Structures are given as C-alpha cells and as structure tokens.
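Good morning, and thank you for coming.

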Amino acid sequence: MISHVTVGTADVSRATQFYDAVLATLGLARAKTVKIGAGYAPEGFHGVEPPFWVLRPQNRQPPTVGNGCMVAFEAKTRAAVDAFHAALLAQGGTDEGAPGLRPHFHPDFYGAYGRDLDGNKLCCVCHTPE
C-alpha cells in the first residue's frame, strides 16, 4: 500500500549519522545515498527503492515538521523498542514518551516515542506479547 515515507532534514550528514545508529537497532540499514539524502531498508532488501528516506526538501525551503505526522517503525521485540529509544537519545534526539505498554491502543502495544534532530516525530512499537 505504501511505496515509501520521507522526512525532511536541513543537514544530510547529521541526519544520516543519527538514522544509521538509530535504525540499526531494528535491523535497518542505509541502502542508498544520494546528494540530498539517504534511503533505509531492512537488511537483505531487494525492492526497487528503500521504503524510508531522510531528504533535504526538493523545493529548497527549510524542512518543517507536520502537525500530526509521525513515522512508526515496527520492532520484533520489546527489547528492540528499548534499544531504539536509547539510541535515539544517545544520538541527540528528544524524548516524546519512554518505552512502555500503552494498553489504550491494545493490550500488547509496547512503544516509545521521540524526535529526530530536525524535530520529526518517530515511534517504535512492538505489537506482540513479551
């Protein structure tokens, strides 16, 4: 249903350093680097283009954060959610919700929230029981 998702950045080098470390906790790696950004995919990805990108905006305007927009990455384990959140903070991201159960979504929703260096909101969630 979805081809790819992008978030904006003002500094590609800084953003790729952040995402290289944070997404590695989920088995995602930089699959493509272009002048204006980078694409990330699961290890062994064989699709045409990576499904997640961090890019300078095409219109050359400063990147902005969408109100209500968030990228949510799925983790296989709750420990991976914890690692994602710890890496996000270690790379200079900001906390928007520590790892934990959020049963108002469903009984096994274990998630964490944060923002990248450009203010884009990110989530990591595991939907399975411990």
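Let me begin with a question: does aspartate 108 count as buried, partly exposed or exposed? At 25% relative accessibility, aspartate 108 counts as partly exposed. The classes are these: buried means under 20% relative accessible area, exposed means over 50%, and partly exposed lies in between, with a 1.4 Å probe and protein chains only.

Before going further, a word on the source. This is a predicted model, in which local features need pLDDT of at least 70 and side-chain atom pairs count only at pLDDT 80 or more, while totals for chains, interfaces and linings use all residues. Residues are numbered from 1 along each chain as its sequence is written, and side-chain values use heavy atoms, with hydrogens and water left out.

Now to the charged pairs. Side chains of opposite charge can pair when their charged atoms come close. The structure holds 6 salt bridges, a salt bridge being a side-chain nitrogen of Lys or Arg within 4 Å of a carboxyl oxygen of Asp or Glu. One of them joins the side chains of aspartate 108 and arginine 78, at 3.8 Å from N to O. This pair links distant parts of the chain, 30 residues apart: aspartate 108 is in the loop between E6 and strand E7 (110-115), and arginine 78 is in helix H2 (residues 78-90). Here helices (H or I, at least four residues) and strands (E, at least two) are DSSP runs, numbered from the N terminus. Arginine 78 counts as buried, at 12% relative accessibility.

Arginine 78 also meets the side chain of glutamate 130 in a salt bridge, at 3.5 Å from N to O. Glutamate 130 lies in the segment after strand E8 (121-126) and arginine 78 in helix H2, so this pair ties together parts that are 52 residues apart in sequence. Glutamate 130 is exposed, with a relative accessible area of 80%.

A further salt bridge is formed by arginine 115 and glutamate 96, with the closest N and O atoms 3.2 Å apart. It links arginine 115 in strand E7 with glutamate 96 in strand E6, 19 residues apart. Both partners are partly exposed, arginine 115 with a relative accessible area of 23% and glutamate 96 with 37%.

Let us turn to threonine 9, in the loop between strand E1 (5-8) and helix H1 (12-24). Threonine 9 is buried, with a relative accessible area of 1%. Its side chain makes a polar contact of 2.6 Å with the side chain of aspartate 118. By a polar contact I mean a pair of N or O atoms within 3.5 Å; within protein, one must be able to donate a hydrogen and the other to accept it, and residues adjacent in sequence count only if both atoms are side-chain atoms. A polar atom of the threonine 9 side chain also lies 3.1 Å from the backbone nitrogen of aspartate 11. Beyond four places in sequence, the contacts of threonine 9 include Val54, Leu55, Arg56 and Pro57.

And what of the interior? The largest nonpolar core has 25 residues, and those with the most contacts inside it are Tyr19, Leu23, Leu26, Phe52, Phe73, Phe84 and Leu122. Such a core is a set of buried Ala, Val, Leu, Ile, Met, Phe, Trp, Tyr and Cys residues joined through side-chain atoms within 4.5 Å. The elements giving two or more residues to this core are H1, strand E3 (37-42), strand E4 (52-55), strand E5 (71-74), H2, E7 and E8. Not counting residues up to four places away in sequence, leucine 23 touches Leu28, Tyr40, Phe52, Phe73 and Phe84.

I close with the backbone. Most residues other than glycine have a negative phi. Arginine 60, however, has a positive phi, near 65°. Arginine 60 is found in the loop between E4 and E5, and is exposed, with a relative accessible area of 79%.

Note on methods
Contact means heavy atoms within 4.5 Å.
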